[in-house]
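Good morning, and thank you for making time for this presentation.

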Amino acid sequence: MKSTISSKGWALLCLVPFALFFFAFQIAPLAWVASNSLNTADGWGLGNFQQAFSSAFYRQAMRHSLEVAFWSSLFGIVVAIIGSYSLRQVSSRLRDFVMAFSNMTSNFSGVPLAFAFIILLGFNGALTILLKQMGVIEDFNLYSKTGLIVLYTYFQIPLGVLLLYPAFDALREDWRESAELLGANTWQFWRHIGLPVLTPALLGTFVILLANALGAYATVYALTTGNFNILPIRIASMVSGDIFLDPNMASALAMVLVGLMTLITIVHQWLLRRSYHVAR
C-alpha cells in the first residue's frame with residue numbers, strides 16, 4: 001500500500017512542471033484576455049462585445065474567418081480522406097515518402113508559403129498565366145476570399161493526412177470481405193461500416209483543421225499585408241497599432257474566437273456521442 005501511494009505521489013510530482021507550464025502559457029493568458037475584454041473606457045462591462053457585434057466591419061471579419069476556415073477545412077478533409085485511404089493501398093516505400101512529405105509540407109506556412117503562392121498564382125504567376133493561355137480560367141485573384149481558401153486548403157491537406165492516416169487502421173480487411181459475402185456493395189460497406197467507424201476521427205480532424213484555419217495569421221498577413229478583413233488580422237492591428245491601439249477590443253475579438261472554437265468543440269462532442277461507433 002505504501003509503495004502504491006508513493007508511486008502515485010511521484011506521478012503527481014512529475015505532473016507539476018506540466019501543470020505550471022499549462023497555467024503560465026494557457027490559463028493565465030486566457031484569464032488576462034478575458035478580463036481585458038470586459039474593460040472599457042466607462043469601466044467594466046460588455047461594451048467591447050456590443051461594439052464588436054454591432055459593427056458591420058467586425059461582423060464581416062467574423063464572417064470571412066468562418067467562411068475561409070470552413071471551406072478550406074472541408075476541401076482539405078475531403079482530399080485528406082481520399083489520400084489517406086489511397087496510401088493504405090500502395091507500397092510501403094511510396095507510403096513512407098508521402099507521409100514524410102506531408103509532415104514537411106504541414107509546417108510550410110507563413111511568409112515562405114505566401115511568397116510561393118504569389119509566384120505560382122499571383123496576377124502574373126506562372127500557373128495563372130499558363131491556365132489563362134490554356135483557356136481554363138479567365139481571371140483569378142489570389143488576394144480575394146477564394147484565393148485565401150485555395151491557400152488555406154494547401155496547408156490543411158497534409159495536416160489532415162497526418163491525422164487521418166492512422167484512423168484507417170481501425171478498418172479491418174475481414175470486415176469488407178464479410179460484407180461482400182453478405183451481398184453488400186462498396187457504397188453499403190462505407191455507409192454502414194466504414195464511415196461510422198471513422199466518424200470520431202473525421203469529426204476530430206475537422207475540428208482541428210477549423211482551429212488551424214481560424215487562428216492562421218502569418219500567411220494571410222504576408223499575402224495581403226493586412227488588407228483582408230479576418231479576425232486574426234483585426235486583433236493584430238489593434239495590438240500593434242499602426243493607426244490606433246485598442247488592446248481591450250482586441251481581447252474581446254480574441255474571446256469571440258475562443259467562443260467560436262468552444263461552440264465547435266461542443267457540437268463535435270455532441271456528434272461524437274450520437275455516432276454509431278462510440279455508441280457501440
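Which residues line the largest cavity? Before I answer, please note that this is a predicted model, in which local features need pLDDT of at least 70 and side-chain atom pairs count only at pLDDT 80 or more, while totals for chains, interfaces and linings use all residues. Residues are numbered from 1 along each chain as its sequence is written, and side-chain values use heavy atoms, with hydrogens and water left out.

The lining of the largest cavity consists of His64, Ser65, Val68, Ala69, Tyr152, Ala213, Leu214, Ile230 and Pro232. Helix H3 (56-87) and H9 each give two or more residues to this lining, and H3 provides the largest share, 4 residues. Helices here are DSSP runs of H or I, at least four residues, numbered from the N terminus. By class, the cavity lining has 7 nonpolar, 2 polar and no charged residues; Tyr and Pro count as nonpolar, and Gly as polar.

The structure holds 1 cavity of 30 Å³ or more, and the largest cavity contains about 30 Å³ of space. On a 1 Å grid over the protein atoms alone, a cavity is a set of points where a 1.4 Å probe fits but cannot get out, whereas a pocket is an open set with protein on both sides within 12 Å along at least five of seven lines; lining residues have an atom within 4 Å of a point. A volume is the space filled by probe spheres set on the points.

Let us turn to the second largest pocket, with about 200 Å³ of space. Its lining includes Tyr85, Arg88, Phe168, Glu173 and Trp190. Helix H8 (173-181) and helix H9 (186-214) each give two or more residues to that lining, which has 5 nonpolar, 1 polar and 4 charged residues.

H9 also packs against helix H7 (residues 145-164). Their axes, lines fitted to C-alpha atoms over the stretch in contact, come within 10 Å and cross at roughly 145°, on a scale from 0 to 180 degrees between N-to-C directions.
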